[in-house]
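This briefing goes with the sequence and structure shown below. It takes up a few residues, a set of strands and a pocket in turn.

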Amino acid sequence: MSRMIRYLLASAFVLLAGLAAGCGGDGGSDTAPLAEGRWGHTAIALEDGRILVIGGQSTPSRKLASVEIFDPATEMWSSAASMSHTRSSGHRAVLLQDGRVLALGENDDGAAEIYDPATDQWSAAGALVQARTWASATLLTDGRVLVAGGLDATKAGREELMSAEIFDPATLEWSETTPMEQVHAGHGAVVLEDGKVLVVGRYMGELFDHEAETWAAGGTPTRERSLGATADVLPDGRVLVTGGRFQQGGWSGAIVPVRTAETYNPASNTWAEAASMSEPREDHASVRLNDGRVMVIGDSETEIFDPATGEWTSSGKLKESHGILSTASLLPDGRVIVVGGRIETDEGFRGVNVVEIYDAVEGW
């Protein structure tokens, strides 16, 4: 049986199962679904405009090595070669300068691998110096990849890391670099206009200079955000940080999602409060649109931040609930594709196979 036939059969089965279970919504998305529901996956926009969806998990105990590709020209999915390792929530993927994709994290031996879209093959990419999960992985302007912080993947407990390392695609080698000032896990990281990397941690920001391989203070955010926040670079060079979790009442208090947002200004190395979102969000998705605005997607509600006015406006409601840990990617024509997510059912958590596309004129 060919791989395409297996994919079509799997897609039909999952779609029928979703309909039988009564997934909610008002008729569902018109976009072809994933062959397998998943959350905690990564989604990479390839150079040819296709979207590569990697790993994740379909249930709390089922981690995935499978990979799927969305073609915006046909709005259909096809299966791609599976990874050598399962990679669930907490792994990272980065588009390299030559168009290949690096996947790392979520395995205790630190093994990384690279996908080549031209051949539909994965190949070994060495092993991290420190096996880790929930780290950040950022493409530097010189083509190398900075991996910073995260949790020690070799230990069952939550041991946060301040170490950092760099991957060189030319040699497939990993090397240690200067550690951060604080431990960071589940944090955000973006490349600024000057090529430095801003890491947005719980209590502070840190700046990495790839030429000197040194860290410097990146100011103090207006509030604590532990895990689940997003960070996007705005057209004027500032960074918008949204949502995340906050622990009320110290270590013994409840962890709650937040609706606040803030911006970082690289020119002054300062943080400032921004208008709050309409509702609290954690482990949500965000994407910068072609016009410079930023869309955030959480569960079924979506909204857009306009840096020109500093205000949020609703961008409509998804047809299905995507819960948390979905992905949002920009398509070549400016539309936004939202893939998967995690919802809770009577049987426990399960991955969503629903895919939806936003059009600025037609909506969802």
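**Thr-133 and its surroundings**

Apart from neighbours within four places in sequence, Thr-133 makes contact with Ser-89, Gly-90, Glu-106, Gly-150, Leu-151 and Ala-153. The model is predicted. The points below are grouped by topic.

- Thr-133 belongs to strand 11, which covers residues 132–133.
- With a relative accessible area of 10%, Thr-133 is buried, because the cut-off for that class is under 20%.
- Glu-106, one of the contacts of Thr-133, is also joined to Thr-133 by a side-chain polar contact of 2.3 Å.

**Ala-156**

- Ala-156 sits in the loop that runs between strand 14 (151–152) and strand 15 (164–168).
- The relative accessibility of Ala-156 is 91%, and the residue therefore counts as exposed, the cut-off being over 50%.
- Ala-156 and Arg-335 are 179 residues apart along the chain, and their C-alpha atoms are separated by 40 Å.

**Strand 15 and its partners**

- Strand 13 (residues 145–148) pairs with strand 15 in the antiparallel sense, over four bridges.
- In this pairing, Leu-146 is opposite Ile-166 of strand 15.
- Strand 15 also pairs in the antiparallel sense with strand 16 (residues 173–177), here over five bridges.
- Phe-167 is opposite Trp-174 of strand 16.
- Strands 15 and 16 make a hairpin with four residues between them.
- Leu-172, in the turn of that hairpin, has a positive phi of about 60°.

**The largest pocket**

- The volume of the largest pocket is about 1900 Å³.
- Its lining consists of 50 residues, and those nearest the centre of the pocket are Ala-43, Ala-189, Ala-231, Asp-232 and Ser-286.
- By class, the lining of the largest pocket holds 26 nonpolar, 17 polar and seven charged residues.
- At least two lining residues come from each of strand 1 (42–45), strand 7 (92–95), strand 12 (136–139), strand 17 (188–191), strand 21 (229–233), strand 27 (285–288) and strand 31 (327–330).
- Strand 21 contributes the most to the lining of the largest pocket, with five residues.

Note on methods. Residues are numbered from 1 along each chain as its sequence is written. This is a predicted model: local features need pLDDT of at least 70, side-chain atom pairs count only at pLDDT 80 or more; totals for chains, interfaces and linings use all residues. Side-chain values use heavy atoms; hydrogens and water are left out. Buried means under 20% relative accessible area, exposed over 50%, partly exposed in between (1.4 Å probe, protein chains only). Two strands pair if DSSP finds at least two bridges between them. On a 1 Å grid over the protein atoms alone, a cavity is a set of points where a 1.4 Å probe fits but cannot get out, and a pocket is an open set with protein on both sides within 12 Å along at least five of seven lines; lining residues have an atom within 4 Å of a point. Grid points are joined across faces, edges and corners, and a volume is the space filled by probe spheres set on the points. Ala, Val, Leu, Ile, Met, Phe, Trp, Tyr, Cys and Pro count as nonpolar, Asp, Glu, Lys and Arg as charged, and the others, Gly among them, as polar. A polar contact is a pair of N or O atoms within 3.5 Å; within protein, one must be able to donate a hydrogen and the other to accept it, and residues adjacent in sequence count only if both atoms are side-chain atoms. Contact means heavy atoms within 4.5 Å.
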